[in-house]
Amino acid sequence: MSDKLITPSPAMFGGLLKSARTSIGYTLKEVSGQLGLAISTISEIESGKRRVSMVELYKFSRIYQRPVDFFFDQDKSNTAFAVLYRVANEALLEKKTVIDFHELCRDYKSLQKLMKSTVMPGIPDYSASSPSSYEQAETLAEVERSQLGLNGQPIKDIYDLLEGKRGIKIFHLPEVTGNFSGAFTFDENLGACFLINSKHSLRRRTFTVAHEYAHCIAHRTQLAHVDTDQNFSTRNPHERFANAFAAAFLMPQKTVSELLSQLSPELSNSVLSETLIRLAIYFGVSYEAIGWRLVSLRKISRAQCESLLAEHTKSSATAKLLGYLTNDNSDPDVTPRHYKYLAYAAYKRRLISFERLAELLRKNYYELKQEFSDSNEEVAE
Amino acid sequence: MSPFLRSVVIDNDVISRLYRAGALRKVLELWRAGTFYVVKHVIEEGKRWPSEGYRLGLVLDDLINVSIFTIVTIDDTSEKELEIYAHMVLLGKFGKGESESIAIACHRGYDLASDDGAAKDECRRISSAVSTFTTRKILEMAVNDGLLTQNEIDSISSKMK
């Protein structure tokens with residue numbers, strides 16, 4: 001048997017073992033019980049004072065729900081994810097969801113390395129000026145839109161925009177606990193990564209992505225942040241700023257005003273349900289989002305907005321007739337488009353196997369094989 | 001008589017191709033019971049197939065019940081087997097099922113049935129004693145041993161495409 005196997009020094013595992021244990025929330029005592037090792041032994045392993053065998057490492061990986069390669073990761077800085085695990089715990093987010101998100105981000109990084117993918121230019125950081133006011137949100141949104149070359153146009157696909165021009169990794173996972181909407185983390189090695197609740201509609205997810213982008217550029221020193229439903233209606237200045245930024249980023253003031261004057265020349269008195277639906281479709285946002293945007297731009301009063309929202313039901317015939325419901329509720333893919341491109345390109349270049357491709361895409365091997373077979377795209381033996 | 005001199009760990013690729021051709025049991029039952037080992041992960045992945053998992057699961061359970069397949073898992077007490085497994089995972093090229101299959105084959109002295117060229121190459125690199133077989137090679141062996149006719153093989157092969 002060949003001796004040319006990867007055999008790293010076991011001393012390197014300590015920090016990552018501790019990181020994996022704390023991220024899943026186990027105490028030394030709990031792990032001791034599951035592994036049959038003394039607490040002092042695990043403590044020595046974590047501090048790098050005791051050698052860990054492959055048998056022990058494998059058992060750790062099972063308990064901590066991590067692939068074995070996690071413990072061999074040379075990029076040991078997990079500061080941002082350590083923060084995320086803590087805030088996710090406070091927000092009652094499933095630990096497994098955050099671990100899955102972390103693994104997806106690691107896989108993205110591995111694919112970039114494997115494919116020698118170009119490193120994206122840096123993401124702007126405005127955290128030094130601590131922006132928090134509504135006016136600052138409007139200004140910053142305009143600056144960002146300008147830098148992204150959007151002018152007054154609606155953002156047709158915020159995923160492509162932020163992944164393509166900012167290099168942000170945006171993943172979807174279903175999360176039903178804790179009213180989770182989205183999260184961001186800015187990791188030294190993995191870059192800016194967003195997790196969005198796949199159970200939400202496209203329009204809602206679009207707003208959540210813009211909201212997380214606000215945190216990413218304005219509150220980056222937090223390193224990680226979790227948003228629940230409550231955060232979107234909170235009086236917390238950071239959340240109010242992120243909401244205002246998201247609204248201005250997705251629905252620029254000038255364009256809203258121009259469009260509204262076309263649709264509703266007499267303005268506030270004639271802003272009807274169908275006007276809101278038309279605007280929501282144009283900007284790719286929800287009926288609620290455009291309603292509150294008109295309030296913030298003083299186009300309608302709060303009372304009018306509440307009345308319009310009460311009137312609107314998403315299954316209404318008008319919404320259906322105007323095309324509001326089209327393509328809004330299909331489940332998004334777990335992985336971003338560029339990630340999928342890199343994975344497929346790696347497979348086509350025979351850098352990874354088909355089984356690995358399916359794993360990276362978080363798809364069932366047999367289902368993916370069937371899809372490839374049906375379209376005659378299988379790579380030859 | 002079995003042309004397989006040793007037990008064979010069979011991976012997703014081979015199971016998938018033969019199943020799609022409707023020939024999983026027909027081909028594998030030609031050889032003596034106990035010839036083929038399948039890692040648990042591969043069986044579970046087959047059963048998780050959203051559209052066909054239930055039916056494939058029935059076929060796999062049937063093959064296990066009549067000892068055509070034997071479920072096998074990584075030996076979590078073996079330093080060497082786990083070392084090979086970790087090596088496979090760290091390469092980042094292979095899936096979990098392939099990594100386990102290769103670790104088991106290389107460590108226990110079994111052979112490997114896989115259609116993935118890189119997996120077969122890596123397996124031979126780790127242990128030159130391991131023989132590897134593709135689905136087509138298995139079918140050719142069945143013809144050479146007179147277990148299936150060329151017409152039957154042609155029919156199966158056409159459905160595998």
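1. Chain B exposes about 6400 Å², of which carbon and sulfur atoms supply 48%; accessible areas come from the Shrake-Rupley method with a 1.4 Å probe, and for residues only the protein chains shown count as cover. This is a predicted model, in which local features need pLDDT of at least 70 and side-chain atom pairs count only at pLDDT 80 or more, while totals for chains, interfaces and linings use all residues. Residues are numbered from 1 along each chain as its sequence is written, chains are lettered from A and ligands numbered from 1 in the order in which they are written, and side-chain values use heavy atoms, with hydrogens and water left out.

2. Of the 161 residues of chain B, 57% count as buried, meaning under 20% relative accessible area. The radius of gyration of chain B, 15 Å, agrees with the value near 15 Å that a compact globule of 161 residues would have; the radius is taken over C-alpha atoms, and the globule rule is 2.2 Å times the number of residues to the power 0.38.

3. Chain B has 9 helices and 5 strands, these being DSSP runs (helices H or I, at least four residues; strands E, at least two) numbered from the N terminus.

4. In chain A, 4 strands form an open sheet of mixed pairing in the order 1-3-2-4, where two strands pair if DSSP finds at least two bridges between them. Strand 1 (169-173) and strand 4 (224-228) of chain A stand at the edges with a single partner strand each, so one side of each is left without a neighbour in the sheet.

5. Strand 2 (residues 180-187) and strand 4 of chain A pair in the antiparallel sense over 5 bridges, and F184(A) has H225(A) in strand 4 as its bridge partner.

Technical notes: Buried means under 20% relative accessible area, exposed over 50%, partly exposed in between (1.4 Å probe, protein chains only).
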